[in-house]
Amino acid sequence: MRTLATGWIFGRAGGDEYIPIEALPTTVHVELLKNKKIPDPFIGLHEWDVQWVGETDWVFKSSLEISENEFGAPNVDLVFDGLDTYATVKLNGTIILEANNQFVPYRVSIKNAAKVGANQLSIEFPSAYLKGKELEEKHGKLALWNGDSSRLHVRKAQYNYGWDWGPVLMTVGPWRPIHLHAYTARLSDVRVRAPVDESLKAQIHVTVTATSGVSKAEVVIKGPDGVALETTDLSLDKDGVATLSFTPDQSAVQLWYPVGYGKQPLYTCEVKLLSADGAALDSQTNKFGLRRARVVEDKLVDEEGRTFLFEVNNVRIFCGGSNWIPADSFLTTVSAERYRAWLQLMVDGNQNMVRVWGGGIYEEDVFYDICDELGLLVWQDFMFGCGQYPAYDEFLSRVVPEVEANVKRLRHHPSIVIFTGNNEDYQVAEQLKLELDYSDEKSDFRKTDFPARYIYERTLPDVVSRLSDIHYHRASPYSGYGLPTTDRQHGDLHQWNVWQGSQEPWHNWDKLSGRFVSEFGMQGYPDIRTVDYWLGGNESQRYPQSPYVVNHNKADGFERRLELYLMENFKHAFDIESYVYYTQIMQAETLASAYRLWRRNWKGPGREYTAGALVWQINDCWPVTSWAIVDYFLRPKPAYFTVKREMAPVSVGMSRKEVTSFADNHTAANFATETRIEIWGSNFTLQPIQAKLAVVAFDLDRDDDWTETFEQDVTLAPNQTTELWKGHLPGQPVRNSKSELPKNIVLSARVVSPDGTVLSRYANWPEPFKYIQFPAVGKLGLKAEIAKDGESVLLSTRKPVKGIVLDVADRSGAEVKWSDQAIDLVPNDDQVVQATGLAGRDLKLRFLGDGSA
């Protein structure tokens, strides 16, 4: 097989200007940017200056040289791994392919249209946007959230139409490689199944399917060390099919585990298709893992409902992670190294699951390869998002090849533990009061006003069960059991009543929990360097309400929502640098609170009241203010680090509640208000941990060094949360009048191992922060001392400090990779922050009470 990467040109259909292309795959915007034909749509308002690109027809051309040897093969095919989206492919003027789905790989025989020597290959891409409008006129306008409604008729990455975090950039072109394949016979399918039973005994089954004209294949199974465990010659039947079943030595089986629970050994299946004389005609190699993965929906102890949890090799896993959107508006620019950097950030941040969201793409192979290698569990949506999708026959004829091709491509990855039918489409149906009777499990649904239910409950489960062994879930969110998607006691939940919906305080996450919270979030500005990038040097736009800044936040009503949560919680400044800081700290506090409170609900067997939390979202597709915890340029926001701390193998959590009791049932004046504290510890390891709980109270309002301290020995049970202590907040008097303001008591808790290692720390502060009279900066005794090597910082203080974010004072040099941010610091508990690339440069610290507000 020969990849046709070079020798291409492109231009507008019907035009006379064609521009050379360095290499495929690529898309039109990318090439126009390279050739300075359009402005950068990521800067300023230029997104709106390039809309014509998506409404223009484009042509890609190449002169394809076919040798006599290639043409002499019995079969000569062109293979298109991905065309975005509608495309007419011509060879020497003859139409050989009409493509209509970005997610489908196409293979077409060209034996009758090709010739030895130069062949003229052209791919005409009509505007997918205008094609969608035509389909909408024909089949009807349907409801949706985000983007233009015509997108529902087009099998294209839906986020291209614009989303509440992304621009409108309608990409077009050969977005995945194109190959010439001359062959005698080929492998049309290799399916590797590796079932592991409850006793953790494994089997390996390999089914080989080949085209006609061949009868032999060789299968080699190699262990993680590369040593062959089984080599077998197979005889293919009349349909070109043969199966190998192999039981490996159980004493030597190496199981694949999620990160944090074991290793990630990968086996290899090598298949060669052989001619009668033993020559290799075709080959295929798949990596796979041995693991038993289940979605468990069991009844619970002490609460109504059922679990929704993931179990791998009989170990129940609390899944803490993120939602993933496409890493760029221009997908062909995302390198393997960039994928690795993103996914490594997740692992370094103590995350163990990534959800590939249903409005983007079925990701590149390298994405899943890296997840297999790193131990990141993958929740994989099918590509339907936030809409009332159709299910007419022609639409289904595009959907079925898409899902079949992608299930076959992805099924061998041990990291993928669930396929999900769509993102929020049942919620759209509920909101619009469409025909949705959850008790009806038998109807066809295509004649209702929610016709895509046929896809989610008939087409997709059939394909998934027929072609894979991966669990299928109808939607995210989806409760099952005849219940709406908002049910908190079944299935998975998208919890958006913080930020939107009822706009609850983030302190109420414990009341907003679900069995598995697969979406929740809070916005925060990106790094100030990212803001400056989209400003493009225009200093007049460097304020939070400027047109440039507003264009780089796509969320509906974001000004009101950001200010609601800022005003409720912070005294804050409004200059752009301060606005970046305060929104980032707000996001960091919000998300940390969610993970802390929901992790508390992981209480052991039968009491897994919350079994997962996936933040919306890990990444961005362009420079923007969004819910991402790492911005487009892979710069982590402070929230990334607070989530990292909350998802560490051992964590300590605390809640603070005001409890008021009245003298009798009639009085409103005679009461007592007490501040109650509860402390818990979470242990994600599979062994009990003996440790010491050390608690210290500090009073911000006192000038002396008053503290109150207590310690106790604790045992953290394995793979669950243990309640450690509850009682009155030290130093806080009981109040008998609303005019008596509570003292500003900060309570620090640490879990310390017998050798003195701090396993986890958390400082609980009085909230809302806007009421705190912070000590004068000069009285804090805050120090940030740079180590001799210039690559780490020792933080110490005489008074508690909240929300420290470090940066270099002069940003003109190289950026620094920090090991922690959004740091809460208390006396006698110094913290060291690694600062790779600091090189001893001067620091700038931001924190609550730094004098900016």
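How many aromatic pairs does the count come to? The count comes to 56 aromatic pairs. Please keep in mind that this is a predicted model. Here are some points to follow in the structure above.

1. **A ring pair across the chain.** Start with F318 and W602. Their ring centres are 5.7 Å apart and their planes stand at 75 degrees; planes over 60 degrees apart count as edge-to-face, so this pair gets that name. The two partners come from distant parts of the chain, 284 residues apart. F318 is in the loop between β22 (315-317) and β23 (319-324), while W602 is in the loop between α13 and β30 (612-615). Both residues are buried.

2. **A tilted pair.** Now compare F450 and Y456. The centres of these rings are 6.4 Å apart and the planes are at 55 degrees, so the pair is tilted. The relative accessible area of F450 is 1%, and since buried means under 20%, F450 is buried. Y456 is buried as well, with a relative accessible area of 0%. Both F450 and Y456 belong to one aromatic cluster, together with F384, Y389, Y426, Y438 and Y478.

3. **The surroundings of W602.** W602 has a relative accessible area of 1%, so it is buried. Which residues does W602 touch, not counting residues up to four places away in sequence? They are L309, R316, I317, F318, R607, E608, T610, A611, F684, N719, Q720 and T721. Take N719 from that list: it is 117 residues from W602 in sequence, yet the two are 8.2 Å apart in space, C-alpha to C-alpha.

4. **Helix α13.** This helix covers residues 576-600, which makes 25 residues. From its first C-alpha to its last it reaches 36 Å, close to the 36 Å expected at 1.5 Å a residue. Is α13 mostly covered or mostly uncovered? It is mostly covered, with 25 of its 25 residues buried. Not counting residues up to four places away in sequence, S593 touches W506 and W509.

5. **Helices α5 and α6.** Two packed helices are described by the angle between their axes and the distance between the axes. For α5 (residues 336-348) and α6 (residues 365-374), the angle is about 35 degrees and the axes are 10 Å apart. Their crossing is right-handed. On the α5 side, the contact is made by A336, Y339, R340, L343, Q344 and V347. On the α6 side, V366, F367, I370, C371, E373 and L374 take part. Sorted by class, this contact has 9 nonpolar, 1 polar and 2 charged residues.

6. **Helices α7 and α9.** What is the handedness of the crossing of α7 and α9? This crossing is right-handed. The axes of α7 (residues 393-410) and α9 (residues 453-467) come within 10 Å and cross at roughly 35 degrees. From α7, the residues in contact are F395, L396, V399, V400, V403, E404, V407 and K408. They meet Y454, I455, T459, L460, V463, V464, R466 and L467 in α9. By class, 12 residues of this contact are nonpolar, 1 is polar and 3 are charged.

Methods: Residues are numbered from 1 along each chain as its sequence is written. This is a predicted model: local features need pLDDT of at least 70, side-chain atom pairs count only at pLDDT 80 or more; totals for chains, interfaces and linings use all residues. Side-chain values use heavy atoms; hydrogens and water are left out. Axes are lines fitted to C-alpha atoms, for helices over the stretch in contact, and angles run from 0 to 180 degrees between N-to-C directions. Helices (H or I, at least four residues) and strands (E, at least two) are DSSP runs, numbered from the N terminus. A crossing is left-handed if the near helix is turned anticlockwise from the far one by less than a right angle, and right-handed if clockwise. Contact means heavy atoms within 4.5 Å. Ala, Val, Leu, Ile, Met, Phe, Trp, Tyr, Cys and Pro count as nonpolar, Asp, Glu, Lys and Arg as charged, and the others, Gly among them, as polar. The expected span of a helix is 1.5 Å times one less than its number of residues. Buried means under 20% relative accessible area, exposed over 50%, partly exposed in between (1.4 Å probe, protein chains only). Rings of Phe, Tyr and Trp (its six-membered ring) pair if their centres lie within 6.5 Å; planes under 30 degrees apart count as stacked, over 60 as edge-to-face and the rest as tilted.
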